[in-house]
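Take a look at the protein below.

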Amino acid sequence: MFSQTAKGAQSSAVLYSIVESAKANGLTPYDYITHLQEQFSQPVPDIEQLLPWNVNLG
């Protein structure tokens, strides 16, 4: 309803899932997303270590 395309809806769903997963694991969503962006800019990020229950931002 709020997305103009199916791809837009898919992208929104992914972002909402990341935000809610961060909150459920006691992380600040902004800080978690910033951390993800920094790590994904590396040549070979370790995906397992980027899951919200494995991240320690404190």
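This is a predicted model. Begin with helix 1. Helix 1 has 19 residues, so at 1.5 Å a residue it should span 27 Å. Its end C-alpha atoms are 27 Å apart, which agrees. The helix covers residues 6-24. Just after helix 1 comes Gly 26, with a positive phi of about 75 degrees.

Helix 1 also holds a charged pair. Glu 20 and Lys 23 sit 3 residues apart in it, about one turn of the helix. They form a salt bridge, and their closest N and O atoms are 3.1 Å apart. The count of salt bridges comes to 1. Side chains of opposite charge can pair when their charged atoms come close.

How exposed are the two partners, by relative accessibility? Both fall between the cut-offs of 20% and 50%, so each counts as partly exposed.

| Residue | Relative accessibility | Class |
|---|---|---|
| Glu 20 | 45% | partly exposed |
| Lys 23 | 47% | partly exposed |

Now turn to the core. The largest nonpolar core has 6 residues: Ala 22, Leu 27, Tyr 32, Leu 36, Leu 50 and Val 55. Ala 22 touches Leu 27 and Tyr 32, and also Pro 29 and Pro 52, leaving aside residues up to four places away in sequence. In soluble globular proteins, nonpolar side chains tend to be buried together.

Finally, the whole protein. It has 3 helices and 0 strands. Of its 58 residues, 14% count as buried. The C-alpha trace spans about 35 × 30 × 15 Å along its principal axes. The accessible surface is about 4,700 Å², and 56% of that belongs to carbon and sulfur atoms.

Definitions and conventions: Residues are numbered from 1 along each chain as its sequence is written. This is a predicted model: local features need pLDDT of at least 70, side-chain atom pairs count only at pLDDT 80 or more; totals for chains, interfaces and linings use all residues. Side-chain values use heavy atoms; hydrogens and water are left out. A salt bridge is a side-chain nitrogen of Lys or Arg within 4 Å of a carboxyl oxygen of Asp or Glu. Helices (H or I, at least four residues) and strands (E, at least two) are DSSP runs, numbered from the N terminus. Buried means under 20% relative accessible area, exposed over 50%, partly exposed in between (1.4 Å probe, protein chains only). A nonpolar core is a set of buried Ala, Val, Leu, Ile, Met, Phe, Trp, Tyr and Cys residues joined through side-chain atoms within 4.5 Å. Contact means heavy atoms within 4.5 Å. The expected span of a helix is 1.5 Å times one less than its number of residues. Accessible areas come from the Shrake-Rupley method with a 1.4 Å probe; for residues, only the protein chains shown count as cover.
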